Amino acid sequence: MKYRRLGRTGLSVSEVGFGTIPVLRGSVPVLPDYYNLSDEEALTVMEYAFRLGCNLYDTAIVPEYGDAEIKLGKFASYIGRDKIIISDKARFFDGNEIYLAAKTSCRNLGTWADMYFVHQVDAAHEETVFQKGGALDALSELKREGVIRFAGVASHYYDILLRGAGDFRVDVLQGSGNLFERGMLDRMKAEPLFNEKGILINKVYAAGLLPAFFPVETLLGTVLSYPVSCALIGIGTVSQAQAAFGPYKNADDIPDFNKVLSVLEKEFSPIPCDRCQRCVCPYGTEIHTIFRQYHYFFLGKEYWALRKLDMGIKQSAEWCRKCTEMPCLAMCPAKIRIPDEIRKIDRLVQVHYCPDRRQDTFPDIPKTTK
């Protein structure tokens, strides 16, 4: 196992980190059907990863992500608290909420958190997080009290991570990316502000879907070819730990984006979107998110992805029909015909929720082979 500097924190972290969500027991609404590991089973998997060199363990507050946080606390006590680095987070945004959440997390852990993130920050909550008295001020107070060591912002949105990169209160950032959805990683690599922060990257396997198409070492090698501190992998079994903490390919062996598309094209018709997030819809449609759910449908998350799409795709398609300027077309580096793709995805959802419709009703919709 190799190790990297975590920004200016003074910590050195394993290049691959252990995501503890799969070790939870029971089923939670946002993460159904995980492995249901007992405490003993979870500690066995975490220790196996530790013996392979992993020293960074990432978790989230109870009860949103089950009991993973409690299990990690037991593992820290068992293995020796000073031997591992704990990354924790909560989906609360104002100062009082995140302050209380971090205190609760540390009680669950039975120890301090090395990093604590305000989790899944989006545009609707951005100002609450960054404003005076918001989540970042609360995390700064927790640092002074010794409850946590470093404050972080976790988000799937480049603009929010960029704002965090320029904020002196933020020590670490957590974003997402992989060899297919690499657009945000490319932008972070080109922006010097990110060089000052420790950076953790999740969704390296794209919700566990990409290992069916690419070797694990290629997936890890791609993310680690960027100037990031650690690639986080959700681990639920010893075999997954063995794969994640084994060797990975050098940067010279990483497929470019067109090669990735050619592999996926054997299964379905991918939209050539790398989620760079440069396209901005004047009506508020998250174009890159819709494209992501489309891809996840064909990669193996059929029901989950279409359920997500059904929450807003009809409205987005109507906005596309009304839009006359279509600024998204000029913004897209890949020159994707975005309105056409949105309408196609809308029809795909209609087919899913109207099973009596024949396939030839919408001939431009590819059939899934998964």
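Me: How many aromatic pairs does the structure hold?
Reply: Rings of Phe, Tyr and Trp (its six-membered ring) pair if their centres lie within 6.5 Å. This is a predicted model, in which local features need pLDDT of at least 70, side-chain atom pairs count only at pLDDT 80 or more, and totals for chains, interfaces and linings use all residues. Residues are numbered from 1 along each chain as its sequence is written, and side-chain values use heavy atoms, with hydrogens and water left out. The number of aromatic pairs is nine.

Me: What kind of aromatic pair do Phe 268 and Phe 298 form?
Reply: Planes under 30 degrees apart count as stacked, over 60 as edge-to-face and the rest as tilted. The centres of Phe 268 and Phe 298 are 5.2 Å apart, with 5° between the planes. The pair is stacked.

Me: How many residues apart are Phe 268 and Phe 298?
Reply: Helices (H or I, at least four residues) and strands (E, at least two) are DSSP runs, numbered from the N terminus. Phe 268 lies in the loop between α10 (257–264) and α11 (287–299), while Phe 298 is in helix α11. The pair links distant parts of the chain, and the separation is 30 residues.

Me: Is Phe 298 buried or exposed?
Reply: Buried means under 20% relative accessible area, exposed over 50%, partly exposed in between (1.4 Å probe, protein chains only). Phe 298 has 1% relative accessibility. Therefore Phe 298 counts as buried.

Me: Why is the pair of Tyr 294 and Phe 298 edge-to-face?
Reply: Tyr 294 and Phe 298 are four residues apart in helix α11, so about one helical turn separates them. Their ring centres are 5.1 Å apart. The pair is edge-to-face because the planes stand at 65°.

Me: Which residues do ring pairs link into a cluster?
Reply: Phe 268 counts as buried at 4% relative accessibility. Tyr 294 is buried too, as is Phe 298. Ring pairs link the cluster of Phe 268, Tyr 294, Phe 297 and Phe 298.

Me: Where does the charged end of Arg 81 sit?
Reply: A charge sits over a ring if NZ of Lys or CZ of Arg is within 6 Å of the ring centre and within 35 degrees of the ring normal. For Arg 81, the distance to the ring centre is 4.1 Å. Its charged end sits over the ring of Trp 112.

Me: Which residues does Ser 38 touch, not counting those up to four places away in sequence?
Reply: Ser 38 is in the loop between β3 (16–19) and α1 (39–51). Contact means heavy atoms within 4.5 Å. Ser 38 touches Arg 25 and Lys 71.
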